[in-house]
Amino acid sequence: MIYEATENQSQAETQTSWISLAWLFLLLVATYGPILWNMSGSWFDENADMGHGFLVPIIAGYMISLDWNSFVRLKDAGSRWGFVLLVWAALQSVVASLGDWTFLSRTAFLLSLFGMLIALKGFAAIRTLAYPLGLLFLMVPPPTFVYERITFPLQILASILAANFLELLGFSVLREGNILEMVGQRLSVVEACSGIRSLITLSFFALVYNYFFVRRLRMRIVLLLLLIPVVILGNSFRIVLTGVVGHYNHDLAHGLFHSMSGYVIAILSGSIYIAMHQLLERVNRSK
């Protein structure tokens, strides 16, 4: 009887936590509704490189549900710092809206979410749900100045690697910045071909994969570092493939072929990432 009473009390507390958090979360979403609606539009904008954005809250929510029992068992040791963070997020949202700083206005929602959890359960709530909460930042497009600083070096690097690979294959190439001059065609490595889209999307894939299949922190860090050269080489291979196909059929190298090759390279890069993990695990077991 005592066991049943304890179990019923635990279920009641769990249900109460669900209801309380659900109401507070809905209130938070309603408050930041216009900002969230604007951000969701960038997920379906071809020029925003955020095609994975709509998956982020879904997968993060699933991760939170897996850790929900650990979260519920936390003591209700709310901290006043949570309210401080809520006020900070509100002020950040107002200032960002006045200055049209979209990144700051969107991250204000996440800060409010953190503040709500800290106010209810303390900092232990953030530690318990750290991974899925951190993953939520990937649904926010990066600031423009950061995007530009990353994109241009990637364009130049992809151009250099593609030019070298094409020359190894026997093609005559003259590179001027991000422009590759070949016999009968010109390849321009624009921002969309820099590899930034693949890097952002595959980073999300890698973090989700690591959460479910990679347990050790060191292995997670190593794999994320190895992802960078995989994406860069994959994008360079796409440019080389476009150049080779365009050499024999200029029309075939553009349009549908160019778009589909991006998806193929992304799938191939993700497969290589998984293969690298399996290989590293085998090496560790052999040691």
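I began with Tyr 131, which counts as partly exposed because its relative accessibility is 23%, where partly exposed is the range between buried (under 20% relative accessible area) and exposed (over 50%), with a 1.4 Å probe and protein chains only. I note that the model is predicted, so that local features need pLDDT of at least 70 and side-chain atom pairs count only at pLDDT 80 or more, while totals for chains, interfaces and linings use all residues. Residues are numbered from 1 along each chain as its sequence is written, and side-chain values use heavy atoms, with hydrogens and water left out.

I then looked up the aromatic pairs, taking rings of Phe, Tyr and Trp (its six-membered ring) as paired if their centres lie within 6.5 Å, with planes under 30 degrees apart counted as stacked, over 60 as edge-to-face and the rest as tilted; the count comes to 11 aromatic pairs. One of them joins Tyr 131 and Tyr 211, a tilted pair with 5.1 Å centre to centre and 50 degrees between the planes. Tyr 131 lies in helix H8 (residues 130-135) and Tyr 211 in helix H10 (residues 196-213), so this pair ties together parts that are 80 residues apart in sequence; helices here are DSSP runs (H or I, at least four residues), numbered from the N terminus. Tyr 211 counts as buried, at 12% relative accessibility. I also found that ring pairs link Tyr 62, Tyr 131, Tyr 211 and Phe 212 into a cluster.

For a charge over a ring (NZ of Lys or CZ of Arg within 6 Å of the ring centre and within 35 degrees of the ring normal), I noted Lys 121, whose charged end sits over the ring of Phe 71 at 5.7 Å from its centre.

Next I turned to Ser 42 in helix H2 (residues 33-43), which counts as buried because its relative accessibility is 11%. The side chain of Ser 42 reaches the backbone oxygen of Met 39 at 2.5 Å.

I looked up Trp 23 in helix H1 (residues 2-31) and found it exposed, with a relative accessible area of 64%.

Last, I checked Asp 100, found in the loop between helix H5 (80-99) and helix H6 (102-121). Its phi is near 60 degrees, a positive value in a residue other than glycine, and Asp 100 is exposed, with a relative accessible area of 62%.

Conventions: Helix = DSSP H or I, 4+ residues; strand = E, 2+ residues; numbered from the N terminus. Polar contact = N/O pair within 3.5 Å; in protein donor to acceptor, adjacent residues only side chain to side chain.
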